[in-house]
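Subject: Structure handover

Hello,

Here is the structure for you to look through. My notes come after it.

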Amino acid sequence: MIKSPFRRALFPALFAGLAAAGPAAAQTAADLAGAPEQGIDARINEAIGPVADVFAGVIFYSIPVMGADLPLIVVWLVTAAVFFTFYFGFINFRGFGHALRLVRGDYEDPNDRGEVSHFQALTAALSGTVGLGNIAGVAIAVSLGGPGATFWMILAGLLGMTSKFTECTLGVKYRRVNADGTVSGGPMYYLSQGLAERGMGGFGRFLAVFFAIMCVGGSLGGGNMFQINQAFQQFVNVTGGDASPLAGRGWIFGLVAAFLVGIVIIGGIRSIVRVTEKIVPFMCGLYVLAGLVIILVHWADIPAALGAILTGAFSPEGVAGGFVGVLIQGFRRAAFSNEAGIGSAAIAHSAVRTKEPVTEGYVALLEPFVDTVIVCTVTALVIVITGTYGTPDTDGVSLTSQAFGSTITWFPYVLAVAVILFAFSTMISWSYYGLKSWTYLFGETRAADVSFKLLFCVFVVIGSSLQLGAVVDFSDAMIFAMSLPNLIGLYLLAPVVRRELAAYRAKLRSGEIRAHQHVPPAGAPARR
């Protein structure tokens with residue numbers, strides 16, 4: 001938590017940064033009273049557009065490479081993933097089996113400090129990343145980069161596992177356990193405390209505050225308004241389009257969603273994981289199963305599809321930038337989908353019950369594997385194997401829907417359910433990320449807790465009611481700006497993680513830490 005004088009100064013600054021919030025909230029009330037909707041959207045977009053354009057232009061600055069545009073933020077994220085993969089001796093592959101045993105509960109001790117199990121922490125973090133990017137983003141990557149983009153997307157996903165390992169180990173290492181037993185952790189804490197240990201306290205606090213401000217903005221935009229807006233659009237599409245009973249009445253959809261989100265997030269991380277531990281396996285299982293059905297229906301085309309992916313990865317035809325162009329599309333989709341290096345997931349993983357920080361690092365490396373290597377790859381394979389990636393004037397969710405619908409005619413309805421579930425789960429996880437950043441800035445008080453949750457629910461209604469493209473663009477840039485302080489901290493604190501890993505392995509080898517199951521809570525009779 002930052003000091004009070006700075007906190008008081010930060011309040012007006014942050015609200016100025018969220019300039020859209022005030023007018024949008026006020027205008028939403030006016031909208032409900034019958035004011036012209038388009039005029040409200042246009043005025044807000046016009047007001048924030050110039051700032052959003054400049055900020056997004058800096059964060060997503062691209063350089064031309066062999067005819068293709070290469071965003072430097074992608075280079076920043078992928079370079080870190082490669083560095084940590086070598087630095088930790090390919091822990092993403094060597095630690096995979098141990099990660100599965102941790103998630104299964106083989107080393108779980110309910111008497112450890114923390115709020116959630118390894119499995120619950122993983123599902124909470126996954127719910128924040130598995131979303132529309134796995135459906136619409138992959139379709140765009142394959143459309144622009146061809147089938148070969150799938151190969152580079154999978155490779156970047158495998159590398160990103162090590163970035164997650166690093167940031168989530170630090171999240172637990174430097175977390176704070178509050179007096180009521182709740183946990184606060186994430187990049188804000190390891191940047192401030194970890195760098196203070198290395199004699200860089202002032203620099204660490206600056207990075208922590210910058211990260212927290214970006215995370216609050218990102219949670220309200222990309223983690224909230226964009227999700228509910230896309231979910232509403234998909235709902236309208238499958239219920240009759242312009243003839244849908246909710247067409248033009250996004251505020252009704254938003255009010256219902258805000259109520260559901262509110263009753264989940266009011267209970268904190270324990271309430272959130274009770275939902276995500278059920279939704280995430282269900283929605284991922286449903287989506288992957290549907291994809292596998294389509295792949296098996298087209299089993300005769302599987303060799304040709306795999307050949308197109310491998311051939312296209314190294315000798316693409318008709319793709320802007322050739323080999324570099326398809327590589328960029330694949331890397332960009334992976335980096336944007338699993339958020340490895342962004343630092344968001346470390347906030348959820350910090351709440352885990354454990355006394356060994358590196359155990360959650362192991363668990364976290366499964367996150368990009370599920371998000372990118374499994375879910376994104378299924379989407380790409382379906383699009384490639386059905387041959388729909390070359391369909392003109394179709395991309396994003398529409399292209400994925402068409403690919404699935406070419407074999408399963410009723411799949412668009414399943415996709416609509418998946419989009420809404422993905423959006424809902426993403427919102428409740430990002431509400432937690434935003435809340436922890438908010439309380440880091442303004443203190444762990446009841447007023448700070450309630451004020452952010454109310455603000456988050458208001459933005460659900462706003463996101464569903466208005467088309468605030470400039471606001472969402474600004475928020476997206478804030479999410480990726482989180483990687484700037486986070487990765488600086490990860491590079492500087494990587495030796496800490498390596499010491500934690502070495503100590504943990506030594507305990508495993510010596511037998512000090514052994515696999516066990518169902519350890520009874522303190523005071524309860526032990527089972528024999």
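Below is what was found, topic by topic.

This is a predicted model; local features need pLDDT of at least 70, side-chain atom pairs count only at pLDDT 80 or more, and totals for chains, interfaces and linings use all residues. Residues are numbered from 1 along each chain as its sequence is written, and side-chain values use heavy atoms, with hydrogens and water left out.

Core

Start with the largest nonpolar core, which has 162 residues. A nonpolar core here is a set of buried Ala, Val, Leu, Ile, Met, Phe, Trp, Tyr and Cys residues joined through side-chain atoms within 4.5 Å. Buried means under 20% relative accessible area, exposed means over 50%, and partly exposed is in between (1.4 Å probe, protein chains only). Phe88, Phe165 and Tyr362 touch the most other members of this core. Helix α20 (residues 411–442) supplies the largest share, 18 residues. Helices are DSSP runs of H or I with at least four residues, strands are runs of E with at least two, and both are numbered from the N terminus.

What does Phe165 contact, leaving aside its neighbours within four places in sequence? The list is Phe88, Ile91, Val358, Gly361, Tyr362, Leu365, Val497 and Leu501. Contact means heavy atoms within 4.5 Å.

Salt bridges

Side chains of opposite charge can pair when their charged atoms come close. The rule used here asks for a side-chain nitrogen of Lys or Arg within 4 Å of a carboxyl oxygen of Asp or Glu. By this rule the count is eleven salt bridges.

- Asp109 and Lys355 pair at 3.8 Å, N to O. Asp109 is in the loop between α6 (96–104) and α7 (118–129), and Lys355 is in the loop between α16 (344–349) and α17 (357–364), so the bridge ties together parts 246 residues apart in sequence. Asp109 is buried at 14% relative accessible area. Lys355 is exposed at 58%.
- Glu115 and Arg270 pair with their closest N and O atoms 3.3 Å apart. Glu115 sits in the loop between α6 and α7 and Arg270 in helix α13 (residues 268–297), so this pair links parts 155 residues apart in sequence. Glu115 is buried at 8% relative accessibility. Arg270 is partly exposed at 40%.
- Asp449 and Lys453 pair with their closest N and O atoms 3.0 Å apart. Both are in helix α21 (residues 446–465), four residues apart, so about one helical turn separates them. Asp449 is buried at 17% relative accessible area. Lys453 is buried at 9%.

Salt bridges with shared partners also join Arg101, Arg104 and Asp106 into one network.

Surface patch

Tyr61, Ile63, Leu72 and Val75 make a nonpolar surface patch of about 320 Å². Patch residues have over 30% relative accessible area and no salt bridge; like charges are joined within 9 Å, and nonpolar side chains (Val, Leu, Ile, Met, Phe, Trp, Tyr) within 5 Å. Areas come from the Shrake-Rupley method with a 1.4 Å probe, and for residues only the protein chains shown count as cover. Ile63 is in strand β1 (residues 62–65). Ile63 is partly exposed, at 32% relative accessible area.

Backbone

Phe90 is not a glycine, yet has a positive phi of about 60 degrees. Phe90 lies in the loop between α4 (72–87) and α5 (91–94) and is partly exposed at 34% relative accessibility. Glu339 also has a positive phi, near 60 degrees. Glu339 is in the loop between α15 (322–338) and α16 and is buried at 10% relative accessible area.

Best wishes
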